[in-house]
Structures are given as structure tokens and as C-alpha cells.
Amino acid sequence: KMSEIYATGKQIDKVQDYTNMASKYLLMIFLPLIFCLHIFREEFIGVILGKQFLPSINIFSLSLLGILVLMISSPYDYVIYAGGKHKIWAPLTIITTVIVLILQIILVPKELFSIPMFGWGAIGTVTANVIVWFLAFLVQIYLAGKLLKIKFYYKKVRGFTKEFCDKFNITDQNYNQDLLL
């Protein structure tokens, strides 16, 4: 549908509406799922993978954050692609790949050629990916706005997440204590 709208060169406001609607429904469907998986991460990992994988809880939590970033960014990714800006993706993909490799070289090993590194192991790998996914998301928002005049309505995202938190009585006090990595 968006490709058809872009092909005619008209009704950019419809693309904006579709993008907002996609973001809203993705949040409506997956935010509760991600939230529940995070709250019950210990039980989920214990039942699905087994008790021996319980030390991976922090990796799982950070991965959920990455999934959330990817989910929020996906409509903007599609809009840029549907808008015919394919040539942007090759350099962006190369740049993000280089950044993730550099971050993993810094964050994962304890040392490299006798140079001390962070030594975070698997947490370093997930952290590198989440950082790059978030940076790519920011670039997608910028490109969608600059090239296609599609805006990211963070107030709508923030409004929906606030409604979700209010509905389930998630306040700063109980949220911060229970949802820490």
C-alpha cells in the first residue's frame, strides 16, 4: 500500500498515518508480550531452556530491549524502502556492520593482543547489537523525516507506553525495582 502511495507521489499524510498506525499496533501487540517476558524471565528461561541457563537472564533482558528497538523502528525502515530510497541501505548496512564489529572487539574479549578490553562476553555482544540497532533507528527516523517528510511521533509512543503502565499500575517505584537488568 505504501509503495503505491509513493508511486503516485501524493498523499504523504496517508503514509504518515499508516506508519503511526503500524507503530501503534506493534506496540499494542508486542509491548505487553515483551513486558511479560521480562517480568517472568526467570521462569521463562527455566522452563524453556532449563535451570542451567538461568545465568543468561541479563542477556535475555537486554535482548528484549533490542527487540523493542527493532520493533519500533521497523515501520520507518519499511517507509524508507517503500519510498524508493534503496541506495541508502547498502552504505548504512556496511557502516552498522563495521560499528558492531568494532564494539564487539572492544566489549567482548577480556584482552586483545595483550590490550585490556571490557571482557563482557555474551553481554558485550548483545550490548553492541542493541547500541547499533538504536543508532540505526535514529538514522531511520532522520532519513524518513529528511527524505520523505515522515515524522516520528515520539509523543504517541510515549503516550501509549504511559497508558500501558497506568493500566497495569506500573509506577516508578515498582518498575525500577522489578525491571532492572
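Buried residues account for 33% of the 181 residues in the protein. The structure is a predicted model, with a mean pLDDT of 82 and with 78% of residues at 70 or more. The protein has eight helices and two strands.

**Overall architecture**

- From the N terminus on, the order of elements is α-α-α-α-α-β-β-α-α-α.
- Of the contacts between residues at least 6 apart in sequence, 67% join residues at least 24 apart.
- The accessible surface of the protein is about 11600 Å², and carbon and sulfur atoms contribute 67% of that area.

**Confidence of the model**

- Helix 3, residues 41-48, has the highest mean pLDDT among the elements, at 94.
- Helix 8, residues 172-178, has the lowest mean pLDDT among the elements, at 44.
- Over residues 174-181 the pLDDT stays under 50, and the model has 15 contacts for this stretch beyond four places in sequence.
- Where pLDDT is low, the predicted coordinates should not be read in detail.

- Leu107 belongs to helix 5, which covers residues 89-107.
- Leu107 counts as buried because its relative accessibility is 7%, under the 20% cut-off.
- Beyond four places in sequence, Leu107 touches Phe118, Gly119, Trp120, Gly121, Gly124, Thr127 and Ala128.
- The C-alpha atoms of Leu107 and Gly121 are separated by 7.2 Å, and the two residues lie 14 residues apart along the chain.
- Val98 is also found in helix 5; its relative accessible area of 42% makes it partly exposed.
- Val98 is one of the residues of a nonpolar surface patch of about 650 Å², together with Ile94, Ile102, Ile105, Ile106, Phe118 and Trp120.

- Glu111 lies in strand 1, residues 111-112.
- Glu111 is exposed because its relative accessible area is 53%, over the 50% cut-off.
- Pro116 and Met117 are the contacts of Glu111 once neighbours within four places in sequence are left aside.
- Phe113 is placed in the loop between strand 1 and strand 2, the latter being residues 115-116.
- Phe113 has a positive phi of about 55° although it is not a glycine.
- With a relative accessible area of 74%, Phe113 is exposed.
- Ser114 lies in the loop between strand 1 and strand 2 as well.
- The phi of Ser114 is near 70°, again a positive value in a residue other than glycine.
- Ser114 counts as exposed, at 63% relative accessibility.

- Helix 6 covers residues 122-148 and has 27 residues.
- From its first C-alpha to its last, helix 6 reaches 37 Å, close to the 39 Å expected at 1.5 Å a residue.

Key: Residues are numbered from 1 along each chain as its sequence is written. This is a predicted model: local features need pLDDT of at least 70, side-chain atom pairs count only at pLDDT 80 or more; totals for chains, interfaces and linings use all residues. Side-chain values use heavy atoms; hydrogens and water are left out. pLDDT is the predictor's confidence in each residue, from 0 to 100. Helices (H or I, at least four residues) and strands (E, at least two) are DSSP runs, numbered from the N terminus. Contact means heavy atoms within 4.5 Å. Buried means under 20% relative accessible area, exposed over 50%, partly exposed in between (1.4 Å probe, protein chains only). The expected span of a helix is 1.5 Å times one less than its number of residues. Patches are made of residues with over 30% relative accessible area and no salt bridge: like charges are joined within 9 Å, nonpolar side chains (Val, Leu, Ile, Met, Phe, Trp, Tyr) within 5 Å. Accessible areas come from the Shrake-Rupley method with a 1.4 Å probe; for residues, only the protein chains shown count as cover. A salt bridge is a side-chain nitrogen of Lys or Arg within 4 Å of a carboxyl oxygen of Asp or Glu.
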